[in-house]
Amino acid sequence: MEQRLSLVTLAVADRARSRAFYVDGLGWEATVDEQDVLMFTVADRVLLSLWEETSFEAEVGPVRRGAGLAPITLAHNCRDRATVDDVLDDARAAGADPVETASDREWGGYSGYFADPDGYRWEVAWAPGDFARLMVPDSKEHG
């Protein structure tokens with residue numbers, strides 16, 4: 001198997017609510033916008049898929065329900081610390097709840113979190129040094 005990831009799929013309770021958050025609120029452009037699924041191109045040859053929970057369960061099997069957080073985080077890394085705060089502000093304006101204010105982290109970076117309508121946690125981070133080059137496009141690539 002090649003060492004790469006093609007698709008991250010999250011089961012969502014209400015596709016329309018997720019669409020309102022990601023498309024209308026955050027301003028993302030859907031690559032696929034169908035009755036039970038939304039897909040966003042998030043990197044070169046990588047998609048984030050938000051799949052209506054009932055359709056997800058029909059193909060994959062039952063989802064775990066109950067208290068606590070889903071055991072996954074998604075991350076959006078930024079070129080600088082100030083952008084972390086800007087992205088968290090955008091998420092708050094789009095209706096994200098909760099939004100955890102960014103702070104300096106033990107690992108040397110700066111990050112905060114927001115939750116999408118289904119509670120999936122997004123980390124918004126700035127990482128110092130060479131590690132950032134692995135995750136953040138060069139400013140020439142994405143102005």
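Strand β7 (110-115) is largely enclosed by the rest of the structure, because five of its six residues are buried (buried meaning under 20% relative accessible area, exposed over 50% and partly exposed in between, with a 1.4 Å probe and protein chains only). The model is predicted, so that local features need pLDDT of at least 70 and side-chain atom pairs count only at pLDDT 80 or more, while totals for chains, interfaces and linings use all residues. Residues are numbered from 1 along each chain as its sequence is written, and side-chain values use heavy atoms, with hydrogens and water left out. Helices (H or I, at least four residues) and strands (E, at least two) are DSSP runs numbered from the N terminus.

Strand β7 belongs to an open sheet of four strands with the order β5-β8-β7-β6 and mixed pairing; two strands pair if DSSP finds at least two bridges between them. The edge strands β5 and β6 each pair on one side only. Neighbouring strands of this sheet are turned by 20 degrees against each other on average, direction ignored (axes are lines fitted to C-alpha atoms, for helices over the stretch in contact, and angles run from 0 to 180 degrees between N-to-C directions).

On one side, β7 pairs with β6 in the antiparallel sense over four bridges. D104 has Y110 of β7 as its bridge partner, and S103 is placed opposite S111 of β7. The hairpin of β6 and β7 has five residues between the strands, and G108 in this hairpin takes a positive phi near 105 degrees. The pairing of β7 with β8 is also antiparallel and comprises six bridges, with G112 opposite V124 of β8. These two strands form a hairpin with five residues between them, where G119 in the turn has a positive phi of about 90 degrees.

Helix α3 lies across β5, β6, β7 and β8 and runs at about 10 degrees to β7. The helix (residues 81-93) has 13 residues and reaches 19 Å from its first C-alpha to its last, close to the 18 Å expected at 1.5 Å a residue, where the expected span is 1.5 Å times one less than the number of residues. Its buried residues are V84, V87, L88 and A91. They are on the same side of α3 because they cover an arc of only 100 degrees around the axis, the arc being that of the directions from the helix axis to the C-beta atoms. The buried residues of α3 pack against α1 (15-25), β5 (73-77), β6 (99-104), β7 (110-115) and β8 (121-126), with contact meaning heavy atoms within 4.5 Å.

At the start of α3, the backbone nitrogen of A82 has a side-chain oxygen of D80 within 3.3 Å. Just after the helix, G95 takes a positive phi of about 105 degrees. The loop between α3 and β6 contains P98, and the peptide bond from D97 to P98 is cis, with omega near 5 degrees.

S49, in strand β4, is buried, with a relative accessible area of 2%. Leaving aside neighbours within four places in sequence, S49 is in contact with L7, V8, T9, L10, V37, L38 and M39.

Definitions and conventions. Polar contact = N/O pair within 3.5 Å; in protein donor to acceptor, adjacent residues only side chain to side chain.
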